[in-house]
Amino acid sequence: VPGPASLAAGQAVLEFAAAVPAGQRVLVLVSGGASSLVEAPAPGIGADELRAANEWGLASGLQIGALNALRGRLSRLKCGRLAALLAHARARALLI
């Protein structure tokens, strides 16, 4: 469930992505659980709404795919959005 630390981390990622010069090489390392450690709400979604939606999804018994789809719609980073933010760079991702 997103909290102050994951929201601060998400803001740091957004700032980093914006500061990367065009054409710069960037290596993104993503490990299991990363989506719960880094979060940035989509425009129009407040931190409380994001937290409530995540809590509802967890409590509802949604399958992980449906839960991730819900989280993705509410995020500025998930579902390929971080890749889009780094489209101006030469970004590669390692998923572990």
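This is a predicted model: local features need pLDDT of at least 70, side-chain atom pairs count only at pLDDT 80 or more; totals for chains, interfaces and linings use all residues.
Which elements give two or more residues to the lining? Those are β1 (25-30), α2 (34-37), α4 (64-73), α5 (81-85) and β2 (90-95). The top contributor is β2, with four residues. By residue type, the lining splits into 14 nonpolar, five polar and three charged.

Now, over to α3. This helix has 14 residues and reaches 20 Å from its first C-alpha to its last, close to the 20 Å expected at 1.5 Å a residue. Which of the α3 residues are buried? We get Leu50, Ala53, Asn54 and Gly57. Looking down the axis of α3, those buried residues fall within an arc of 95°, so they line one face of the helix. Turned away from that buried side, we have the exposed residues Asp48, Trp56 and Ala59. And the cover over the buried residues of α3 includes α1 (4-19) and α4.

Let me pick out Ala53, which sits in α3, residues 47-60. Ala53 has 17% relative accessibility, and the cut-off for buried is under 20%, so it counts as buried. Setting aside neighbours within four places in sequence, Ala53 is in contact with Leu70 and Leu74. Glu15, on the other hand, is 38 residues from Ala53 in sequence and 25 Å from it in space, C-alpha to C-alpha.

Technical notes: Residues are numbered from 1 along each chain as its sequence is written. Side-chain values use heavy atoms; hydrogens and water are left out. Ala, Val, Leu, Ile, Met, Phe, Trp, Tyr, Cys and Pro count as nonpolar, Asp, Glu, Lys and Arg as charged, and the others, Gly among them, as polar. Buried means under 20% relative accessible area, exposed over 50%, partly exposed in between (1.4 Å probe, protein chains only). Contact means heavy atoms within 4.5 Å. The expected span of a helix is 1.5 Å times one less than its number of residues. The arc is that of the directions from the helix axis to the C-beta atoms.
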